[in-house]
Amino acid sequence: MSGLPVFRWHLAPDGYATRRQLRARNLRPGGQGVAAQLERPRRRGRPPLVAYLYRVDLAKPLRPMTPGRWRAHAAMMRARRTCPECRRDAGYVIPPTLGTCVTCAYPEEQRVA
């Protein structure tokens with residue numbers, strides 16, 4: 001990413017925005033490359049935090065959610081809630097650290113209660 005303009009935190013000029021800022025304006029980068037970056041200094045010799053900026057004038061509007069996209073999103077979320085061990089919908093997104101629902105991950109604690 002060399003050759004990009006670098007701005008200090010909170011000092012970027014108008015016309016640049018991060019992905020989140022674009023999303024808040026119902027925009028997306030739209031295939032453009034990173035135009036600049038922000039750097040936030042940190043203490044104790046740690047490298048600075050970096051945020052990439054995109055040009056607002058080149059951003060495109062968000063694509064609307066179609067019925068097919070809603071179905072795909074629902075299927076993806078259903079897969080994240082389904083326990084691979086007991087095949088039940090846990091009602092929450094299963095933590096990747098457990099890999100299964102809490103009931104399957106800690107069966108001995110469920111019997112005691």
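**A loop glutamine and its surroundings**

Guide: Gln-32 sits in the loop that links β3 (27–28) to β4 (36–40); strands here are DSSP runs (E, at least two residues), numbered from the N terminus. Before going on: this is a predicted model, where local features need pLDDT of at least 70 and side-chain atom pairs count only at pLDDT 80 or more, while totals for chains, interfaces and linings use all residues. Residues are numbered from 1 along each chain as its sequence is written, and side-chain values use heavy atoms, with hydrogens and water left out.

So, buried or exposed? Gln-32 counts as buried because its relative accessibility is 16%, and buried means under 20% relative accessible area (1.4 Å probe, protein chains only). The Gln-32 side chain reaches the backbone oxygen of Arg-55 at 2.9 Å. Leaving aside neighbours within four places in sequence, Gln-32 is in contact (heavy atoms within 4.5 Å) with Tyr-54, Arg-55, Leu-58 and Ala-59.

As for β4, it belongs to an open sheet of four strands, ordered β1-β4-β5-β2 with mixed pairing; strands pair if DSSP finds at least two bridges between them. β1 (6–8) and β2 (16–17) are the edge strands, each pairing on one side only. β1 runs parallel to β4 over three bridges, and Val-6 has Gln-37 of β4 as its bridge partner.

Conventions. Buried < 20%, exposed > 50% of the residue type's maximum accessible area, 1.4 Å probe, protein only. Polar contact = N/O pair within 3.5 Å; in protein donor to acceptor, adjacent residues only side chain to side chain.
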